[in-house]
Amino acid sequence: MSTADIHDAGPRLKPLNPAHLRELSAKSNRQGVVRAASHYGMIIVVGTLIWLVSSRDGLPWALPLIALQGYFVAFLFMVVHETAHKTAFRSRALNLAVGNLSAFVIGLPYEYYCLFHWNHHRYTQDPDKDPELILGQKPMSDAQLAIAYTGLLQVLTRVRLMVRHALTGKVTVPWIPAHKRAMVVREARFYLAAYLILLAASLALHGALLLWVWIVPLLAGQLILRPYLYAEHTGCERTRSAFENTRTTMTGRIMKWFAWNMPYHVEHHAYPTVPFHALPKLNAMVDGHIVFRGRNYRAVTRETWAWFRRQRRSAA
């Protein structure tokens with residue numbers, strides 16, 4: 001993303017001077033490795049515990065661990081997001097390797113997501129151009145709203161789109177430019193083939209380990225991830241200023257750690273070249289200009305739920 005794009009998407013009240021921006025935008029392999037190692041380390045540790053407990057005491061005793069695993073696995077989305085910006089590591093190769101691995105785990109093709117997310121930053125809150133709004137759910141009842149907050153429909157939508165790209169060889173979504181469509185098709189076919197190989201191996205070995213350590217936690221974790229993602233922009237203004245169209249939400253250290261500091265979301269949208277580890281420092285510089293600031297995720301979820309209901313009533 002160019003400097004022009006950064007300042008167009010950012011605040012016009014108090015932009016950072018070039019020296020501050022250069023300092024904050026410094027990338028770090030060490031910071032990225034520590035954060036990625038801790039994230040994947042927790043997945044390995046909890047996954048091992050699921051296997052040991054379910055093997056010894058039966059699957060029901062492992063359910064709390066499966067729920068915990070859901071948090072860590074679903075929040076690999078944040079790894080995909082940070083590596084899509086190429087800010088997780090100084091090394092481009094590390095960004096691509098960790099990004100592709102994480103994208104494969106959550107079923108969201110990496111190169112496709114990079115293009116999707118590029119347009120989200122360019123057209124944040126534009127209902128005709130922001131991919132998040134174009135693919136977003138439009139619940140027509142409280143039951144549909146509750147389903148939307150599970151995140152399962154969003155997962156189904158992206159998996160169905162990946163399968164369509166792989167099987168038809170056609171890409172028609174507007175955020176994928178023509179010269180990138182063949183690459184998106186190849187990527188989708190690679191992902192689908194790899195998933196089928198893993199499925200065949202699991203069936204051949206008569207094992208359900210991947211189901212309980214990976215697939216079920218990924219789906220269960222959407223119950224945590226989706227309210228978090230809805231907090232980022234729901235109910236914010238539809239303007240070009242990141243300080244008006246995005247929300248920063250206050251939360252604890254654990255959530256910040258495994259969300260790769262993305263609760264500082266206004267700061268990220270205003271200056272997307274600033275890596276995750278510098279966002280707290282950036283927050284201290286620009287916090288006074290943030291329009292939408294959530295006290296915590298419980299409070300913001302109540303606010304976003306109420307906003308969806310108001311929108312539905314207005315449309316009716």
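## Contacts around N119

Contact means heavy atoms within 4.5 Å. By that rule, N119 touches K129, P131 and W175, leaving out residues up to four places away in sequence. This comes from a predicted model.

N119 sits in helix α7, which covers residues 110-122. Is N119 buried or exposed? Its relative accessible area is 11%. The cut-off for buried is under 20%, so N119 counts as buried. One of its contacts can also be placed by distance. N119 and K129 are 10 residues apart along the chain, and their C-alpha atoms are separated by 7.5 Å.

## The chain as a whole

The protein chain has 17 helices and 2 strands. Its radius of gyration is 20 Å, close to the 20 Å that the globule rule gives for 316 residues, so the chain is as compact as a globular protein of that length. Along its principal axes, the C-alpha trace spans about 60 × 50 × 45 Å.

How much of the chain is buried? Buried residues make up 49% of the 316 residues. Contacts also reach along the sequence. Take the contacts between residues at least 6 apart: 70% of them join residues at least 24 apart.

## Nonpolar cores

In soluble globular proteins, nonpolar side chains tend to be buried together. Here the largest nonpolar core has 78 residues. Which residues have the most contacts inside it? They are M78, Y112 and Y228.

Y228 touches F75, M78, A259, M262, P263 and Y297, not counting residues up to four places away in sequence. Another core lies apart from the largest one. This other core has 5 residues, among them L145, A148, Y149 and F308.

## Helix α17

Helix α17 runs over residues 297-315. It has 19 residues, which should span 27 Å at 1.5 Å a residue. At the start of α17, a side-chain oxygen of N296 comes to within 3.1 Å of the backbone nitrogen of R298.

The buried residues in α17 are Y297, A299, V300, T304, F308 and R312. What covers them? The cover includes α9 (142-150), α12 (209-233), β1 (247-249), α14 (253-258) and β2 (292-294). Two of these names link back to the cores: Y297 is touched by Y228, and F308 belongs to the core of 5 residues.

## Helix α6

Helix α6 covers residues 92-106 and has 15 residues. From first C-alpha to last it reaches 21 Å, close to the 21 Å expected at 1.5 Å a residue. Its buried residues are N95, V98, G99, S102, A103, F104, V105 and I106.

Both ends of α6 have a local detail. At the start, a side-chain oxygen of S91 reaches to within 3.3 Å of the backbone nitrogen of A93. After the helix comes G107, whose phi is positive, near 70°.

## T150 in helix α9

T150 is found in helix α9. Its relative accessibility is 18%, so T150 counts as buried. Leaving aside residues up to four places away in sequence, T150 touches Q222, L223 and R226.

## Cysteines

A disulfide is a covalent bond between the sulfur atoms of two cysteines. How many disulfides does the model have? With a cut-off of 2.5 Å between cysteine sulfur atoms, the count is 0.

C114 is buried, at 14% relative accessibility. C236 is buried too, at 8%. C236 lies in the loop between α12 and α13 (242-245). Beyond its neighbours within four places in sequence, C236 is in contact with Q125, E244, N245, T246, R247 and F292. V274 is 38 residues from C236 along the chain, and their C-alpha atoms are separated by 22 Å.

## Two positive phi values

Most residues other than glycine have a negative phi. H206 has a positive one, near 55°. N261 also has a positive phi, near 65°.

Where do they sit? H206 lies in the loop between α11 (181-204) and α12. N261 lies in the loop between α14 and α15 (265-270). H206 is exposed, with a relative accessible area of 74%. N261 is buried, at 6% relative accessibility.

How values were computed:
Residues are numbered from 1 along each chain as its sequence is written. This is a predicted model: local features need pLDDT of at least 70, side-chain atom pairs count only at pLDDT 80 or more; totals for chains, interfaces and linings use all residues. Side-chain values use heavy atoms; hydrogens and water are left out. Buried means under 20% relative accessible area, exposed over 50%, partly exposed in between (1.4 Å probe, protein chains only). A nonpolar core is a set of buried Ala, Val, Leu, Ile, Met, Phe, Trp, Tyr and Cys residues joined through side-chain atoms within 4.5 Å. Helices (H or I, at least four residues) and strands (E, at least two) are DSSP runs, numbered from the N terminus. The expected span of a helix is 1.5 Å times one less than its number of residues. A polar contact is a pair of N or O atoms within 3.5 Å; within protein, one must be able to donate a hydrogen and the other to accept it, and residues adjacent in sequence count only if both atoms are side-chain atoms. The radius of gyration is taken over C-alpha atoms; the globule rule is 2.2 Å times the number of residues to the power 0.38.
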